[in-house]
Amino acid sequence: MANISEAARETPIIHHTEVLVVGSGPGGLAAAIASARAGAQTTLLERYGCFGGNLTQVGVEGFAWYRHDKTVDSEGIGVEFEQRAKSMGAATPEPQSNSHAIDGEAFKYVADLLVQEAGITPMLHRTMVAPIVEGGVIKGVIVESKAGREAILAKRVIDATGDADIAHRSGAIVHKTPVEEMMAASVMFSMNGVDKKRFIEDVKADPHTYSDWCGPDWAMETSGKEDKLFSPYLKKPFEKAIKSGLIPQNLNTITGTWGAITDQGDLTYLNLIHLTGLDATNPDHLTKGEMEGRRQAMLAIEALKQFNPGCENAKLRNFGMTLGVRDTRKIDAVYNMTAHDVREQGKFEDSIGIFPEFIDGYGILILPTTGRYFQLPYRSMLPKGVRHLLVTGRSAGGDRDSHAAVRNMMCCAVNGQGAGVAAAISVQTGVDVADVDIKLVQKKLLEQGARIH
Ligand SMILES: Cc1cc2nc3c(=O)[nH]c(=O)nc-3n(C[C@H](O)[C@H](O)[C@H](O)COP(=O)(O)OP(=O)(O)OC[C@H]3O[C@@H](n4cnc5c(N)ncnc54)[C@H](O)[C@@H]3O)c2cc1C
């Protein structure tokens with residue numbers, strides 16, 4: 001590939017902050033709130049026009065769909081997201097669990113309020129394009145926007161981009177699952193005009209279970225106790241659509257879950273499109289995924305209209321603002337979480353929070369129906385080789401099975417809260433994030449309502 005040389009340039013420094021959080025998904029939003037509440041001057045930078053990451057930008061609404069009667073759940077800012085959304089009418093009862101599906105559209109406003117109330121400096125519509133690293137220490141980031149290229153300087157940086165963009169570009173070691181084994185990406189969509197009564201009658205007449213997640217070409221590993229539990233799954237309309245010739249046989253991957261149905265007839269968080277072989281750090285793959293995903297979603301909608309009771313007069317309400325991505329870079333952290341940790345109730349001296357034994361991905365589904373849970377080690381957010389940088393959310397360090405647990409939004413919020421508090425204390429005590437006094441971090445987390453053991 002040929003290259004061009006870019007001219008050297010002066011870049012204006014537009015902002016100084018103590019803690020800069022880049023990316024505002026469940027990980028970044030929780031990190032910024034925790035940091036600000038711990039007393040650090042905090043800035044939250046986001047490339048799109050709303051905070052919330054996959055929750056608001058993709059429409060991933062199932063924030064705690066794993067929660068059952070005996071689940072020992074995380075506590076702290078993640079639970080606050082769900083409760084605040086519920087209190088503001090931005091949540092609907094979730095059909096398979098003791099939880100609420102968060103309304104991805106309304107949560108944009110909930111997140112605005114959370115950011116304002118915490119006293120965070122909000123920065124939307126700026127994309128981080130390069131870290132500023134001097135002598136192995138991160139000093140801030142370069143952003144690009146309609147205003148051009150600008151610099152933001154920070155004492156500590158939290159990479160919550162979901163893709164470990166900052167860690168990667170700072171030279172920290174990151175890794176990716178081979179593209180053919182990566183979790184599928186999804187174009188998420190919602191419909192409106194659904195006859196709720198007819199839809200629910202049909203669900204009740206022939207309820208699906210998690211065992212229906214197995215298809216002709218794929219199997220699921222469960223612990224056995226999941227198999228007979230109800231799952232809000234849609235399969236029959238697509239089988240009929242294939243038989244009728246509406247959907248081609250090779251698209252037997254169109255199947256999956258619905259998230260919530262409102263009294264107004266909104267059927268939301270339709271997780272039906274699964275696009276494999278895409279590396280979401282490659283914009284050409286992203287382009288292909290967006291367009292192919294929308295094509296498949298329109299076929300799915302037609303199939304639902306023709307073959308799913310209650311959907312006859314329904315239509316597309318919206319696509320997610322962007323393709324939903326589950327799996328890209330993860331850092332090689334000081335401690336990388338393992339399958340054993342998430343399957344066998346891992347415990348850590350440097351725990352910053354707990355998450356129930358919920359594993360969902362790479363063909364595994366284990367639900368936390370028995371009260372088992374694991375702890376999250378602070379060290380899994382410490383990249384190697386770059387000081388003053390933490391990486392939170394789904395790109396924290398770990399193997400594939402652990403990713404299938406840690407990537408879940410509530411868990412990202414738990415890690416995010418830990419990262420935010422640690423970054424604030426690291427500024428206040430004048431030490432690197434790698435040397436922060438973990439006991440002080442744990443004390444502050446408990447004060448903030450988190451559960452760490
Ligand atoms: C289709 C789909 C269904 C899923 N279903 C569920 C589910 O039911 N329950 C569940 O718990 N989890 C689910 N997940 C997983 C979950 O949504 C993610 O793992 C989680 O949102 C990750 O949180 P995060 O904070 O790490 O990153 P994200 O939510 O991805 O947020 C990253 C943020 O960083 C911003 N950003 C990225 N790069 C830059 C940059 N260079 N500059 C500025 N900003 C940047 C992005 O715009 C985004 O706002 C699903 C995921 C997908 C894709």
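What do the buried residues of helix 7 pack against? Look for the reply in the first view below; keep in mind throughout that this is a predicted model.

**View 1. Helix 7 and its buried residues, Pro237, Phe238 and Ala241.** Here we zoom in on helix 7, which covers residues 236–244. Its buried residues pack against strand 11 (233–234) and helix 8. Just after helix 7 comes Gly245, which takes a positive phi of about 90°.

**View 2. Arg295, a residue of helix 8.** Helix 8 spans residues 283–307, and Arg295 is found there.

**View 3. Where domain 1 meets domain 2.** The protein is divided into domain 1 (13–177 + 328–447) and domain 2 (180–319). Notice that domain 1 is written as two stretches of sequence. The C-alpha centres of the two domains lie 28 Å apart. At the meeting place, 22 residues of domain 1 are in contact with 25 residues of domain 2. On the domain 1 side, strand 19 (residues 364–366) gives the most, with three residues. That side of domain 1 divides into nine nonpolar, nine polar and four charged residues.

**View 4. The shell around the ligand.** How many residues surround the ligand? There are 36, and the closest are Gly23, Gly25, Gly53, Gly324 and Gly393. By type, the shell splits into 13 nonpolar, 17 polar and six charged residues. Helix 1 (26–37), helix 2 (54–58), strand 6 (127–134) and helix 11 (409–429) each supply at least two residues of this shell. Both domains take part too: domain 1 and domain 2 each give the shell at least three residues.

**View 5. The largest nonpolar core, with 131 residues.** Some members have the most contacts inside this core: Val21, Val22, Ile158, Leu390, Ala422 and Ala423. Helix 11 provides the largest share of the core, 13 residues. You can trace the core into both domains, since at least three of its residues come from each of domain 1 and domain 2. Take a moment with Ala422: leaving out residues up to four places away in sequence, Ala422 touches Tyr378, Leu390, Val433, Val436 and Val441.

**View 6. Leu376, a residue of strand 20.** Strand 20 runs over residues 373–377, and Leu376 is found in it. Why does Leu376 count as buried? Because 28 other C-beta atoms lie within 10 Å of Leu376, and the cut-off for buried is 20 or more. Skipping residues up to four places away in sequence, Leu376 touches Ser351, Ile352, Gly353, Ile354, Phe355, Val414, Asn415 and Gly418.

Definitions and conventions. Residues are numbered from 1 along each chain as its sequence is written. This is a predicted model: local features need pLDDT of at least 70, side-chain atom pairs count only at pLDDT 80 or more; totals for chains, interfaces and linings use all residues. A residue is near a molecule or strand if its C-beta atom, placed from the backbone, lies within 6 Å of it. Helices (H or I, at least four residues) and strands (E, at least two) are DSSP runs, numbered from the N terminus. Ala, Val, Leu, Ile, Met, Phe, Trp, Tyr, Cys and Pro count as nonpolar, Asp, Glu, Lys and Arg as charged, and the others, Gly among them, as polar. Domain bounds come from an automatic or database domain assignment. A residue is buried if 20 or more other C-beta atoms lie within 10 Å of its own, exposed if 12 or fewer, and partly exposed in between; C-beta atoms are placed from the backbone. Two residues are in contact if their C-beta atoms, placed from the backbone, lie within 7 Å. A nonpolar core is a set of buried Ala, Val, Leu, Ile, Met, Phe, Trp, Tyr and Cys residues joined through C-beta atoms within 7 Å.
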